[in-house]
Amino acid sequence: MGSVAVGDATKSARWWHLADRVGATASFLCAIHCALLPFVLTVLPLLGLGFLAGHRFERGFVMFAGTLALFALLGGYRRHRRPLPLLLAVPGLALLLLGVTWATDYSVVVHSVMVTCGGLLLASAHFVNLAIDRRHGRAGAHVHGAQCAH
């Protein structure tokens with residue numbers, strides 16, 4: 001029974017690591033997209049990529065990245081109990097959400113700065129979560145169960 005629990009824990013950890021990697025990549029791409037958008041705004045329609053400049057696409061992408069971040073980072077916190085990834089993610093998510101809702105009524109620069117910083121904070125939260133998981137995983141193959149004293 002113990003080997004099954006360790007195998008299940010390994011599968012679960014792999015899934016969470018994959019979610020963190022996808023989340024980090026998505027958040028980083030979001031930050032790049034938002035940083036470059038003011039510069040390539042006029043070129044996107046010529047390339048048939050005008051939808052990338054739309055608020056609907058941006059809001060959908062932020063919702064995807066935010067949902068993935070919450071699942072991956074809360075799962076990471078349950079495994080390693082380190083709050084730093086969440087402390088990076090909360091302001092990142094706030095900046096992203098404010099950037100795609102409130103800041104759209106203001107200049108493109110304000111909007112771009114908010115969502116770029118939010119995306120970078122969110123990507124950083126995923127990278128930190130992966131690093132903590134990697135360090136935590138090296139401590140041994142301890143699986144929490146009913147016999148745990150902590």
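Me: What percentage of the 150 residues in the protein chain is buried?
Reply: The model is predicted, so that local features need pLDDT of at least 70 and side-chain atom pairs count only at pLDDT 80 or more, while totals for chains, interfaces and linings use all residues. Residues are numbered from 1 along each chain as its sequence is written, and side-chain values use heavy atoms, with hydrogens and water left out. Buried means under 20% relative accessible area, exposed over 50%, and partly exposed in between (1.4 Å probe, protein chains only). Among the 150 residues of the protein chain, the buried share is 34%.

Me: Which pattern does the protein chain follow along the sequence?
Reply: Helices (H or I, at least four residues) and strands (E, at least two) are DSSP runs numbered from the N terminus. The protein chain has four helices and zero strands. Read along the sequence, the pattern is α-α-α-α.

Me: Of the contacts between residues at least 6 apart in sequence, what percentage joins residues at least 24 apart?
Reply: A contact means heavy atoms within 4.5 Å. Among contacts in the protein chain between residues at least 6 apart in sequence, the share joining residues at least 24 apart is 73%.

Me: Within what arc do the buried residues of helix 3 fall?
Reply: The buried residues of helix 3 include Pro 85, Leu 88, Gly 92 and Leu 96. The arc is that of the directions from the helix axis to the C-beta atoms. Seen down the axis of helix 3, its buried residues line one face, because they fall within an arc of 130°.

Me: On the other side of helix 3, which residues are exposed?
Reply: Leu 87 lies in helix 3, which covers residues 84-100. Leu 87 counts as exposed because its relative accessibility is 58%. The exposed residues on the other side of helix 3 are Leu 87 and Val 90.

Me: Which residues does Ala 125 touch, not counting residues up to four places away in sequence?
Reply: Ala 125 belongs to the largest nonpolar core. Not counting residues up to four places away in sequence, Ala 125 touches Leu 73, Pro 85, Leu 88 and Ala 89.

Me: What is the angle between the planes of Phe 61 and Phe 64?
Reply: Rings of Phe, Tyr and Trp (its six-membered ring) pair if their centres lie within 6.5 Å; planes under 30 degrees apart count as stacked, over 60 as edge-to-face and the rest as tilted. The count comes to one aromatic pair. Phe 61 and Phe 64 form this tilted pair, with 6.4 Å centre to centre and an angle between the planes of 55°.

Technical notes
A nonpolar core is a set of buried Ala, Val, Leu, Ile, Met, Phe, Trp, Tyr and Cys residues joined through side-chain atoms within 4.5 Å.
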